[in-house]
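I opened the notebook to go through the model in order.

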Amino acid sequence: MNVVIDKRPLPLLLLLKYHKFAILIAISLIFYSLLGFTPKNISVAGYRIILVFVLSAILWATEIIPSAITSLLILVLIPLLSIYPVKQTYSLFGNEPLFFILSAFIISVATEKSGLSRRITLLILNYGAKKKENLLLFVYLLGAGLSFFMPEHAVSAIILPIIVSIAKTLKLQQGKSNYGKLLFLSLAYGTITGGIATFLGGARNALAVGILQEISGEKISFLEWLRYSLPLVILLLSVGHLVLRSLFKIEEINITEVKVEIERELKRLAPFTFKEVVTLLIILFAITGWLIVGHSGIGLGGIALISAILFFVLGIISWEEAHQGINWSAIFMYGGALTLGTVFSKTDAVDFIIRKLELSQLNFVTFIFIISTLALILTEFVSNAAVVALLLPVSLKIGVSLNFEPKIIAVSIALMSGLAFMLPIGTPSHLVCYSTNYYKIKDSIKAGLVMNLAAILGLFLCIKIFW
């Protein structure tokens, strides 16, 4: 047995092992030292919430500690630094959008566990597997369509095994086959684009609506969100398919084998089950409720909670199954983000920023261009929910001060923060597709750069024509 002795100095080994802790200590010392003074023309609370905001941004971006723990740290720091009373701070955490997000996770788990999503996926792909070009389009639109009603990463997780099976059936070479690149990029880009269409595709959308309501008092209904999002979604879906097809030329493929494979998978499925029927009815109930009464009385969150409860009452899923499928880290993160954004807006911090940066000179179009471009860049590196949490409170307060339309500001940031086309780290759905090794980062950067430009252009077309 060979024993290898590491002869590097002990301090170096400790630093390598505990480097995150060392960085955290250094950040904490800087944060503590900055608490010692307050600039002119700003209150102590306003100055300290800016420091907490910057600290949260650093921790969320670097993930030195888990994002959920950063959110819990926010809850501690705000009352500890006398920025806002302790009871009010904790009460802000349990906002309506938080329970909407929790319910959305439960709906997603039920759709998957009942088998409904897999059945729909196979039926659609079977219909589209007649030509190689059609199959790509159906994968693309299927990812987008399901992301209207489920978190985009859940859609990728459901469809991905089927696409991997198709790629293996066709004997596509990883990283070399253009058809392989197109299959997985189509799934990634379809889910990303579809994920911005409704509140269910990405929890960042519900988070944005919650922050908007807390800061400006304005609400966006389910139907109103569709009015904002669908023009951009339709534009990007059209452009995206053309971009992918033009950048990656398809080689010769025998699609007959794929048709046989999908039909084989369909035959393995049991007949349409009671659970699938009930799941479909509950989802239709939820969507109908959001469209008709979601903007009054019980609200979007209440309808989502009723729908989630029905899955348990009718025995579609168990709590153990739901518990495993709920992203509790995201739940805590969104609660902390809502709290931070609300407290930030209640101080004079934004007024101070406006004066310092002379933002009062900006016109509406320039302002939207700046914040939407910043959101689009940040979301390639940082969690899209974190982008909303960091950008939206400040942007809304600045926009309200300058008499800009707050709904447009909220929607612009939310939509742009969901479009991480270039780098796989930007969103889980992109990352799981990239992890198959059928395309490289340079491929997604090449296509994603064009898509990002299309997104900015599309946003302004929406503002000028549709909104």
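**Positive patch**

I looked for surface charge and found Lys176, Lys440, Lys442 and Lys446 gathered in a patch of positive charge. For such patches I joined like charges within 9 Å, using residues with over 30% relative accessible area and no salt bridge. A salt bridge here is a side-chain nitrogen of Lys or Arg within 4 Å of a carboxyl oxygen of Asp or Glu. I took NZ as the place of a Lys charge. Areas came from the Shrake-Rupley method with a 1.4 Å probe.

Lys440 sits in the loop between α22 (428-434) and α23 (441-466). I read helices as DSSP runs (H or I, at least four residues), numbered from the N terminus. Lys440 is partly exposed, at 43% relative accessible area. My classes were buried under 20%, exposed over 50%, partly exposed in between.

**Backbone**

Most residues other than glycine have a negative phi. I noted Asn437, whose phi is near 70°. Asn437 lies in the loop between α22 and α23 and is partly exposed at 46%. Asn41 has a positive phi of about 65°. I placed Asn41 in the loop between α2 (19-34) and α3 (44-62), and Asn41 is exposed at 63%.

**Confidence**

The model is predicted; I kept local features at pLDDT of at least 70 and side-chain atom pairs at 80 or more, while totals for chains, interfaces and linings use all residues. Residues are numbered from 1 along each chain as its sequence is written, and side-chain values use heavy atoms, without hydrogens and water. pLDDT is the predictor's confidence in each residue, from 0 to 100. The chain averages 82, and 94% of residues score at least 70.

Technical notes. Patch = residues over 30% accessible without salt bridge, like charges linked within 9 Å, V, L, I, M, F, W, Y side chains within 5 Å. Lys, Arg positive; Asp, Glu negative; His and termini not counted. Helix = DSSP H or I, 4+ residues; strand = E, 2+ residues; numbered from the N terminus. Buried < 20%, exposed > 50% of the residue type's maximum accessible area, 1.4 Å probe, protein only.
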